[in-house]
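User: I am new to this structure and would like a close look at one part. Please take the aromatic rings and the parts around them, step by step.

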Amino acid sequence: MRGPAWLVLPTFNEAENLDRIVAAARAVLADASPEGFRILVVDDGSPDGTGAIADRLAAEHPGEVQVLHRTVREGLGPAYLAGFRHALDAGAGAVLEMDSDFSHDPADLARLLAPIRDGSADLALGSRYTPGGAVADWGLLRRVVSRGGCLYAQAVLTAPVRDLTGGFKCFRAEVLEAIDLEHVRSRGYAFQVELTYRALRRGFRVVEVPITFRDRELGQSKMSWRIAAEAIWLVPALRLRERS
């Protein structure tokens, strides 16, 4: 890796979780990234005070925690893209993404970063559906919707990845620089599919790291049927656009 690892944490109304998730991520990355690390909180104007908490954490941990305030809530995809650009401009060697609600276990950050650091992969995916992966705390309907969405995307795109919709990832910086972030159009559920597909189409090495995904304990989920439905028409459009 050419520089430090950056973890991008998009937030909207995560005041109940932010202190704990940043503390847990700092503890893991301090050991997992000898090149150094940064945690970038990208807050979309949360009315619950998440942005103020992020500012306090940045003041308490200068050089490790930074904050990017956005005044308009545009969706998960644009928040991540803003965070990715910030990290790349600052010289990141690897960029990680993770939910801020403990759905993803911060301890797994080290497992995602390892294949990037040792050069065996360009993109590491935290996968619920590869052998050893699992989902906990979900009801049957949500399991069916999630698994069905992955299978749909996999079939339409003929992509050899079991968990295309997962949002726990580690990119080598060169991958994000090569996949043309300026033209990523997906905002919600399909955003994760688009990033992975773009990486695959450009010949990057993608590995799936088994994880256990858990439902959030505090706060409210941002998932909606509108966000999930976005993928129904965006995934075929993505294949046409990328292959044209």
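Analyst: Tyr80 and Phe84 both belong to helix α3, 4 residues apart, so about one helical turn separates them. An α-helix has 3.6 residues a turn, so residues three or four places apart point the same way. Keep in mind that this is a predicted model.

Start with burial. Tyr80 has a relative accessibility of 0%, so it counts as buried. Phe84 is buried as well, with a relative accessible area of 0%.

Now move from Phe84 to Phe171. Their ring centres are 5.8 Å apart and their planes meet at 65°, so this pair is edge-to-face. The cut-off for that label is over 60 degrees. The pair joins distant parts of the chain: Phe84 sits in helix α3, Phe171 in strand β7, and 87 residues separate them. Both Phe84 and Phe171 are buried.

How many aromatic pairs are there? The count comes to 3. Tyr80 and Phe84 make a stacked one, with 5.6 Å from centre to centre and 25° between the planes. Tyr80, Phe84, Phe171 and Phe191 form one aromatic cluster.

Next, the sheet. It is open, with 7 strands in the order β3-β2-β1-β4-β7-β5-β8, and the pairing is mixed. Strands β3 and β8 (206–210) stand at the edges with a single partner each, so one side of each has no neighbour in the sheet. From one strand to the next, the twist averages 20°. Strands β1 and β4 (residues 94–97) pair in the parallel sense over 4 bridges. Opposite Val8 stands Glu97 in β4.

Helix α3 (residues 76–89) packs on this sheet. It touches β1, β2, β3, β4 and β7 (169–172). The direction of α3 makes about 150° with that of β1. Helix α4 (residues 109–117) packs on the sheet too, touching β1, β4, β5 (123–127), β7 and β8. The direction of α4 makes about 150° with that of β5.

Arg73 lies over the face of Phe12, 3.9 Å from the ring centre. The charged end of Arg128 sits over the ring of Phe213, 5.6 Å from its centre.

Terms used: Residues numbered from 1 in each chain as written. Predicted model: local features only at pLDDT ≥ 70, side-chain atom pairs only at ≥ 80, totals over all residues. Heavy atoms only, no water. Pairing = 2+ DSSP bridges. Helix = DSSP H or I, 4+ residues; strand = E, 2+ residues; numbered from the N terminus. Axes fitted to C-alpha atoms, helices over the stretch in contact; angles between N-to-C directions. Contact = heavy atoms within 4.5 Å. Phe/Tyr/Trp six-rings, centres within 6.5 Å; stacked < 30°, edge-to-face > 60°. Buried < 20%, exposed > 50% of the residue type's maximum accessible area, 1.4 Å probe, protein only. Lys NZ or Arg CZ within 6 Å of the ring centre and 35° of its normal.
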